[in-house]
Amino acid sequence: MQYSADGQSEGAATTRFPQPGFLASVFRDLGVDPGSDPTAPGEPAGPADGDGATGTAGSSTGTTGGRQTPGDGPSADEESVAAHGRAAALTHHRTLTVQAEHDRLADLLRRAALPVSAMDFESQLRHYEPRPYPAAGPDATEPEPRWEDFAPAEPPTADPDAAPTRRLLDSGYQRELAQARLTHQRALRQWRTRRAEAGDPAADESRRVHEEAEAARARAVREYNESLEECRRAYRLAEPAAVESLLERALAAAETATQDLPAPCRAVFRPLTRTAVLDLDLPPLDLVPSLTGYRLAPDGDIHPVPRPPADRATDYLRLVARLALRALQAADAVDTEEILEGVVLNGWLREPGGAGPLCLVSVDADRDALARTRLLPAAAPYEERDGEGVYADAEQDEALVRLRQLGAAVTPDPYARAGVEPAALAGATVPAAPDLSANEFAQLVRDLLTRGGLAEWSVRLRGPAGLVATGEGAPGSALPGRWVVWASRGAAEVAAEEIRTLAEAVGEESAERGLRLTTGRFTDEALDLTAEESHRHIHLVDGDGVRELAMTHLGLPLATGR
């Protein structure tokens, strides 16, 4: 019974109980028999009806005048409302699961953009610091505690000529003196105890074990640093094993921020061009959520809400761009000795049961390009811009923009399995001309000709198939005068028309000679043309000549083309 504000009874209770149909649906969800009595023992099974009769648990009841009694099951409308509520709760739960996937992707984007630490040789050096013996006794030279070191200073007196007995009668001085004697006796007793323990065989054995362990620690640190210094010497000599070992250590250290995202990267170093080729395994495509959530239809069905395919592809490429930039930064930061002339990175998608790995991104960057480019975005990758949330358009994403500034080839749609041509293949350490990237081939031609005497090298045009450059050799050198060099690689034979084009370029550049270099062969017409008087200033070098120059000037082999 309820009472009013003044404490008087208001008569009939106004407590409202849930409808029977609703309770039945709740009990059914909880696994309770709808026919059981939900009330406490001794209480009436249900409220009284209009005639004063009450229903008891287990009794059969009917309907009077179309009114449903508490014993009846839920109506169709109530059951529909309950089913709709359960569907709404399930829709919300599934949407939260999708949102958690989006949050994980945003966190991966953030952590993949964290700067990496340089794993150079200096940072890998170890240092030994000896640990003292925990129960060490006094050294043989430890002196016995002296009373003079504990005695308190005598109290000052106004009369210097006063007798010493008057100073000894000072109460404060006497207390300090007694305390000092106790301290001295305690220190002397501890000193004698340590001296006795020092001669104990058990203490001597414990000290010996400690000293041996410390000597082993010092020896391990010394041997590790010596092996690291040996690796540094081998790295400076550009030995492939040493360079690859250092690069893979740096790449593995760069992955510590995203250990829950496996993206291993392997390195192959080619001494011929001083280029490292990195193979990066890209994350699976299903890492990026394909849905924005779920919605509940009016008929009660739950429908997934797919994301636009372009948005999903952009998000995947944003993650790929950060992983690629992180690997490039790790390789650039570790090369403190400037052994690398360039880095080629290929990002491979390896799907279980697929036909083979698919290259989705490829970067061919020389040392100067890496030095000029800030590899990682300055701002947080998950920063919201104009209400876009954690996602941004591919053309506005800073990581993708910087990757394209390096001349990277990026797939337009990873989910359509649209691959790109790798800039170079990380095959054998001794590459063939088709295995080289455009930067590698340009670097190889420059090294061959500059070591042959052609200085002041200037590249005018460069592309995947070759380059056009000018150079000038000193008088008396193997290549004196001003030259125009046209170098290309490929299996196609060089025709006579290209020789005529080179001759025209020599005249336009006011040069004295021209050099046509190819990793393939020349046609008979081209060879006959250079034998004529008008084209004798054009010199030809075919694939065999390139391999011979590599052995002569670089001391390194170049495999035959495949």
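At what angle do helix α7 and α8 pack, and how far apart are their axes? Before I answer, please keep in mind that this is a predicted model, in which local features need pLDDT of at least 70 and side-chain atom pairs count only at pLDDT 80 or more, while totals for chains, interfaces and linings use all residues. Residues are numbered from 1 along each chain as its sequence is written, and side-chain values use heavy atoms, with hydrogens and water left out.

Now to the answer: helix α7, residues 240-254, packs against α8 at an angle of about 135 degrees, and their axes are 9 Å apart. Helices here are DSSP runs of H or I with at least four residues, numbered from the N terminus, and axes are lines fitted to C-alpha atoms over the stretch in contact, with angles running from 0 to 180 degrees between N-to-C directions. The two helices α7 and α8 are therefore oblique to each other, given that under 35 degrees counts as roughly parallel, over 145 as roughly antiparallel, 65 to 115 as roughly perpendicular and the rest as oblique. On the α7 side the contact, that is heavy atoms within 4.5 Å, is made by L246, L247, A250, L251 and A254, and on the α8 side by R326, A327, A330, A331 and V334.

Helix α8, residues 309-334, also packs with helix α10, residues 398-405, and here the angle is about 55 degrees with the axes 8 Å apart. These two, α8 and α10, are therefore oblique to each other, and α8 passes α10 in a left-handed crossing. From α8 the contact involves L317, R318, A321, R322, A324 and L325, and from α10 it involves A399, L400 and L403.

Turning to S80, which lies in helix α2, residues 76-112, we find a residue that counts as partly exposed at 46% relative accessibility, where buried means under 20%, exposed over 50% and partly exposed in between, with a 1.4 Å probe and protein chains only. S80 and G300 are 220 residues apart in sequence, yet from C-alpha to C-alpha they are 9.2 Å apart in space.

Finally, the cysteines: the structure holds zero disulfides, a disulfide being a pair of cysteine sulfur atoms within 2.5 Å. C231 is partly exposed, with a relative accessible area of 35%, whereas C265 counts as buried at 11% relative accessibility.

Key
Left-handed = near helix turned anticlockwise from the far one by under 90°.
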